Amino acid sequence: MIARMWKGRVPSSKANAYREFVNTRTIPNYQSLEGNVSIHRLEQPDGDSTTFITFSFWESLNVIREFIGDDINVAKYYPEDQDFLLEFEPTILHDDVVGRSQE
């Protein structure tokens, strides 16, 4: 399994609206893809900005390629992101999941 991590900052004044956008647009898109295992999101408010972190877990790198294309290190953005994000990180992190606790 592969973990894919993305980070983005929005003005704190837009954090609620961005969370709603993520919940209604991006998360359902990820979940609709064969090979997506799960998605976990974090938020870090810091004064005037809030950092959103998304961890998505995928069955393999090939599944991620089907989602993103050949260059899996490219971050996926949606047109609506222009209305929220303070900057656009060009790349994304991937790590092999080597262990997992059972619930």
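This report describes the nonpolar core, the aromatic rings and the cavity of one predicted model.

## Basis of the model

Because the model is predicted, local features need pLDDT of at least 70 and side-chain atom pairs count only at pLDDT 80 or more, while totals for chains, interfaces and linings use all residues. Residues are numbered from 1 along each chain as its sequence is written, and side-chain values use heavy atoms, with hydrogens and water left out.

## The nonpolar core

A nonpolar core is a set of buried Ala, Val, Leu, Ile, Met, Phe, Trp, Tyr and Cys residues joined through side-chain atoms within 4.5 Å, where buried means under 20% relative accessible area with a 1.4 Å probe and protein chains only. The largest such core has 21 residues, and those touching the most other members are Trp6, Val10, Tyr18, Phe21, Tyr30, Phe52 and Trp58. At least two core residues come from each of strand 1 (2–11), helix 1 (15–31), strand 3 (49–58) and helix 2 (61–68); helices (H or I, at least four residues) and strands (E, at least two) are DSSP runs numbered from the N terminus. Helix 1 supplies the largest share, six residues.

## Aromatic pairs

Rings of Phe, Tyr and Trp (its six-membered ring) pair if their centres lie within 6.5 Å, and planes under 30 degrees apart count as stacked, over 60 as edge-to-face and the rest as tilted. By this rule there are ten aromatic pairs. In one of them, the rings of Tyr18 and Phe21 have centres 5.8 Å apart and planes at 40°, so this pair is tilted. Tyr18 and Phe21 are three residues apart in helix 1, and therefore about one helical turn separates them.

Tyr18 also forms an edge-to-face pair with Phe52, at 4.9 Å centre to centre and 80° between the planes. Because Tyr18 lies in helix 1 and Phe52 in strand 3, this pair ties together parts that are 34 residues apart in sequence. Both Tyr18 and Phe52 are buried, and ring pairs link Tyr18, Phe21, Phe52, Tyr78 and Phe84 into a cluster.

## The cavity

On a 1 Å grid over the protein atoms alone, a cavity is a set of points where a 1.4 Å probe fits but cannot get out, and its lining residues have an atom within 4 Å of a point. The structure holds one cavity of 30 Å³ or more, and the largest cavity has a volume of about 140 Å³, a volume being the space filled by probe spheres set on the points. Among the residues lining the largest cavity are Trp6, Tyr18, Tyr30, Lys76 and Tyr78, and helix 1 gives the most to this lining, with five residues.

Technical notes
Buried < 20%, exposed > 50% of the residue type's maximum accessible area, 1.4 Å probe, protein only. 1 Å grid on protein atoms, 1.4 Å probe; cavity = no way out; pocket = protein on both sides within 12 Å on 5 of 7 lines; lining within 4 Å.
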